[in-house]
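Q: Hi! Could you help me learn to read a protein structure, starting with how helices pack?

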Amino acid sequence: MRLPVGFLLVSGAEVSAMAENAVENGEEVFEDANEEVCEMDLSTAMEQAKQACSYFFNNRFEEARALMRPWAHKSMYHGLGYGTFMYLQAIMTFDPKDIEVAIDALKQSVEVCNRYRRKNTLGESLGKMVKKVDYNLFTKEEIHAELCYAECLLLRAVLTFMEDETLISFLKGGMKIRACYQSYKECWYILEGRDWSKDSDKMHFESGVRMGVGAFNLMISQLPQKILKLLEFVGFSGNKSCQVRDQKLLGLTELERGFYLEGSLRRVLCALILLGYHLIATYVLGTAEGDLEMAQVILDDHLKLYPNGAWFLFFAGRLEYVKGNFDLAIAKYKISLNSQDEWRQFHHLCYWELMWCCIMSARFKDAQDYADKLLQESKWSKATYAYQKACCMCMRMDELTPTEKQELSETMRSIPSLKQRIAGKSLPVEKFAVKKSARFFAQGETLTLSALELIYAWNGFKILAKKYENVEKMFVIIDREMRKLESIKVENRSEFYWDDYLLAHLVKGSCLAYMSSPLQAEECFKFIVNNEKKIKEDTYLVPNALLELGLILLRANDLDQSRIILEHAKNNYKSYSLESRLHFRIHATLNKIQSIQKGTQQSGGLSPLDNYPSISRSPSPCVSKTSSATTNGTENLLNGAKNEQSVSSNL
């Protein structure tokens, strides 16, 4: 029986089921010999759950909840459905009351699932270690209970992280995720080892298993090593024989197989995960290029089923956004926005996307208005919204009225008090915003290229690159600002002058890399590296410049040099702003290099480098054409790397 690659990542998988259940369930096990029997049969429950999904994705949210609520304490699928709807509301609002309601709903769902899960005796548990389990002996209720349990526990774990700030919550959440993983593994064995010839409900079970297996493999493939080490603390361990690329492809393959199971209960969830990966995760994390053709297939299919569905209209707008069609994206987001009024929280997702469409097309006043809407209405991260609003205002500094300048100052001053903590930690983007708000006042109530810095931080240049005119528009703004900076006399420069000037080089180089000028881009990034000691605060600029140099070298097929620079950026720079985001990108690029070197490069659109122009290079790939000082500076920078390997004396 073949087990998917990702399931090899859990340590201690063969411990006895009795001990495993004790760890998995914790406080969630509430067995009662006198539990009332559910009067609804399994097939009817699944059909009603499917109907609730149809209501939900056709914007009939209250009808979906009303269908699930009465039976949520008796039927596993009603409990799962109702808990899922409450979970979605909680993560969209971040309201503590909504989180508490969702946790209670999912606790109840886990309890109901445990009521129907198969209970092994000690002998059966020990027997599993030495002989093959006959899954044909499991009832339909038992196998579906295992699957629903896995889904409920995953949602419950996420809410545990959100619930409070203690280490205990982290441990509880981690153990629930591990228990969830173990349940999905058991479900995979059931799918592979059971005789389904007489079971008409197989597709519902199969779609759930493929969704869970696919999502876990896809998630693990995206995580940098430092996060995987953290997961080891709660029971995960990396399998050195597994290739991350294999996990990603397996994850995508399983999700696609779930999507193509026509009429299955979890088909729509497979579709949402695929859309989220191809259109959001790959671009925000900068780890890959989304498969836009697959996204279009999914949207064409589901917009026929849910023509007015806010979720799929939203993703239709997102597809146009990642293509660089900002005007068309704005139009589609507005259609999604106006498609329903019941969930105001969903409007916030649309405002967020509309804000970015306006930033990317240099409509800073419109972007400011959307950021202000988020600041006034959304509870997710008010510090982030306030900073984004202020950044857009800074880009319009020359046209601000005295009243608007006062508003800008007040907005910047409010940011530190708006910072919050989630799962015991501050959001990295909020810490970045607080630091920049202090910088605003320290340098005379101004920031340099603040909105373009945001674009870079959110990996937006990759999207700008889809249309040359979009990149060119930003390049003109950057060039104008650089001329202003260069015109400032030395004696009049602020203590943050070099931070601003090197930031301008970072965003200028990012534009040039996508404007068929990789050598000029390289000069911008090298200039940052060689002036590292002049930076007062923005230490993140250097490791990001090294990443960009590594990407250019990789596109030039100089794999060894690229890998050394990326490893140097990963290992020798710590505690800078938005560090985790950079590590995601470095992790993905190093995996790509390893894949190429092993001759396993997959053709297709999964590369973070697809939009970089191909270039040919000399044997000394990064020698500066401008001065020997540049070469010497980068030689010193990489001394540590050169002690480990024999490399070129140039960067």
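This is a predicted model: local features need pLDDT of at least 70, side-chain atom pairs count only at pLDDT 80 or more; totals for chains, interfaces and linings use all residues.

Q: Which residues of α12 and α14 make the contact?

A: From α12, the contact uses V268, L272, L275, G276, L279, I280, Y283 and V284. On the α14 side are F312, F314, F315, R318, L319 and V322. Sorted by class, that contact has twelve nonpolar residues, one polar and one charged. The crossing of α12 past α14 is left-handed.

Q: Which residues have the most contacts inside the largest nonpolar core?

A: Those are Y77 and Y321, in a core of 192 residues. Take Y321: leaving out residues up to four places away in sequence, Y321 touches F326, A329, Y333, E353, W356, C357, M360 and I463.

Q: Now F440, please: does F440 count as buried or exposed?

A: The cut-off for buried is under 20% relative accessible area. F440 has 0% relative accessibility, so F440 counts as buried. You'll find F440 in helix α20 (residues 428-442).

Q: What is F440 in contact with, beyond its neighbours within four places in sequence?

A: F440 is in contact with C394, M397, L408, S409, M412, E445, T446 and L447. Look at S409: S409 and F440 are 31 residues apart along the chain, while their C-alpha atoms are separated by 8.8 Å.

Terms used:
Residues are numbered from 1 along each chain as its sequence is written. Side-chain values use heavy atoms; hydrogens and water are left out. A crossing is left-handed if the near helix is turned anticlockwise from the far one by less than a right angle, and right-handed if clockwise. Helices (H or I, at least four residues) and strands (E, at least two) are DSSP runs, numbered from the N terminus. Contact means heavy atoms within 4.5 Å. Ala, Val, Leu, Ile, Met, Phe, Trp, Tyr, Cys and Pro count as nonpolar, Asp, Glu, Lys and Arg as charged, and the others, Gly among them, as polar. A nonpolar core is a set of buried Ala, Val, Leu, Ile, Met, Phe, Trp, Tyr and Cys residues joined through side-chain atoms within 4.5 Å. Buried means under 20% relative accessible area, exposed over 50%, partly exposed in between (1.4 Å probe, protein chains only).
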